[in-house]
Amino acid sequence: MEPLPAPGPERLFDSHRLPGDGFLLLALLLYAPVGFCLLVLRLFLGIHVFLVSCALPDSVFRRFVVRTMCAVLGLVARQEGSGLRDPRVRVLISNHVTPFDHNIVNLLTTCSTPLLNSPPSFVCWSRGFMEMDRRVELVESLKRFCASTRLPPTPLLLFPEEEATNGREGLLRFSSWPFSIQDVVQPLTLQVQRPLVSVTVSDASWVSELLWSLFVPFTVYQVRWLHPVRRQLGEGNEEFALRVQQLVAKELGQTGTRLTPADKAEHMKRQRHPRLHPQLAQSSFPPSPGPSPDVQLTTLAQRVKEVLPHVPLHVIQRDLARTGCVDLTITNLLEGAVAFVPEDITEETQSRPTVSAPKVRPRSSQVQYLGIRFVFNDDDFASPLTL
């Protein structure tokens with residue numbers, strides 16, 4: 001039996017908060033007055049939860065009190081396999097679903113999570129993140145943190161996906177830097193359930209996610225601890241990350257994909273500006289009978305190769321298999337969304353015959369970058385390209 005194909009970004013990220021089912025939408029409208037009352041009440045209670053969490057020292061008693069108060073706010077934390085938790089492991093690895101995953105895990109065990117791509121600030125501290133000075137020194141700082149002899153040791157909770165998904169279909173590719181800190185990590189799985197509305201939306205801020213969490217009746221976070229995983233002899237960071245990703249995906253009943261946060265950003269850009277790629281349907285592989293997909297993929301790859309001769313053909317084919325669109329693949333290659341090693345085209349360009357540029361209709365404008373000609377129609381929106 002062949003494995004199922006990896007889900008695309010449209011299945012990993014929800015773009016709409018409200019349900020599409022008419023019955024659920026009606027139930028949400030009937031619940032809305034109660035939800036707004038809960039939202040106002042929980043906002044005042046949430047201030048008390050924040051003050052109590054700041055006043056009490058980190059201990060089992062503090063986690064019990066804050067966990068009980070969070071249940072009143074509708075944030076319910078549950079865990080399975082707590083006996084598997086190894087206090088000697090200093091790095092915890094989890095999938096990422098909501099902006100508050102680290103807060104929920106912190107209700108169950110002491111841990112610290114660095115906030116990536118954000119400078120230290122009061123908001124960073126108030127959200128429960130560990131303040132780090134610079135991203136370039138992140139790994140070295142975390143290694144020193146784990147190597148400290150402080151008692152009791154505080155483990156790190158890291159999210160190698162670096163971006164939240166809807167938690168239903170699959171996992172993003174695990175970054176390798178969390179697995180370079182120590183040779184032993186303990187993975188855990190996180191599942192989130194919420195009635196009436198989506199758990200998370202791809203382009204929503206953490207403030208809106210918080211307000212929706214206080215609006216709905218409850219949000220259940222289910223944490224399941226897995227056995228610690230040790231790096232095998234001669235195993236690199238990438239292989240170690242891939243092995244842990246497949247283990248977490250198997251426990252969740254999902255698929256480990258090779259999608260990255262850059263793919264999420266590209267997916268969100270296409271959602272905001274659907275006219276950016278008007279030829280998507282024309283350049284995609286049609287389901288109607290005709291040439292095989294391999295022949296079509298080769299044909300489209302040659303078209304891209306004519307425009308970008310320095311890009312290796314296998315890189316073009318791999319991105320075309322994901323996008324199915326010549327224009328989108330060219331954009332990804334020019335914007336650096338796809339990494340590759342340029343080929344030496346000196347001899348090839350000298351022997352290759354010159355390809356004449358196609359005729360352009362009057363209602364169009366031409367932009368030329370480094371000898372590459374692009375044609376944009378006036379009716380289409382074209383974002384600027386940076387090389």
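Biologist: What does exposed mean for a residue such as R88, which counts as exposed at 68% relative accessibility?

Modeller: Exposed means over 50% relative accessible area, and buried means under 20%. In this predicted model, R88 has a relative accessibility of 68%. That value is over the 50% cut-off, so R88 counts as exposed.

Biologist: Which residue forms a salt bridge with R88, and how far apart are the closest N and O atoms?

Modeller: The partner of R88 is D86. D86 is buried, because its relative accessible area of 15% is under 20%. The closest N and O atoms of D86 and R88 are separated by 3.2 Å.

Biologist: Is R63, which pairs with D58 in a salt bridge, buried or exposed?

Modeller: The closest N and O atoms of R63 and D58 are 3.4 Å apart. D58 has 45% relative accessibility and counts as partly exposed. For R63 the relative accessibility is 14%, which is under the 20% cut-off, so R63 counts as buried.

Biologist: How many residues apart are D183 and R231?

Modeller: The side chains of D183 and R231 meet in a salt bridge, at 2.9 Å from N to O. D183 lies in the loop between β4 (170-171) and β5 (184-193), and R231 lies in the loop between β7 (229-230) and α8 (237-252). This pair links distant parts of the chain, its residues being apart by 48.

Notes
Residues numbered from 1 in each chain as written. Predicted model: local features only at pLDDT ≥ 70, side-chain atom pairs only at ≥ 80, totals over all residues. Heavy atoms only, no water. Salt bridge = Lys/Arg side-chain N within 4 Å of Asp/Glu carboxyl O. Buried < 20%, exposed > 50% of the residue type's maximum accessible area, 1.4 Å probe, protein only. Helix = DSSP H or I, 4+ residues; strand = E, 2+ residues; numbered from the N terminus.
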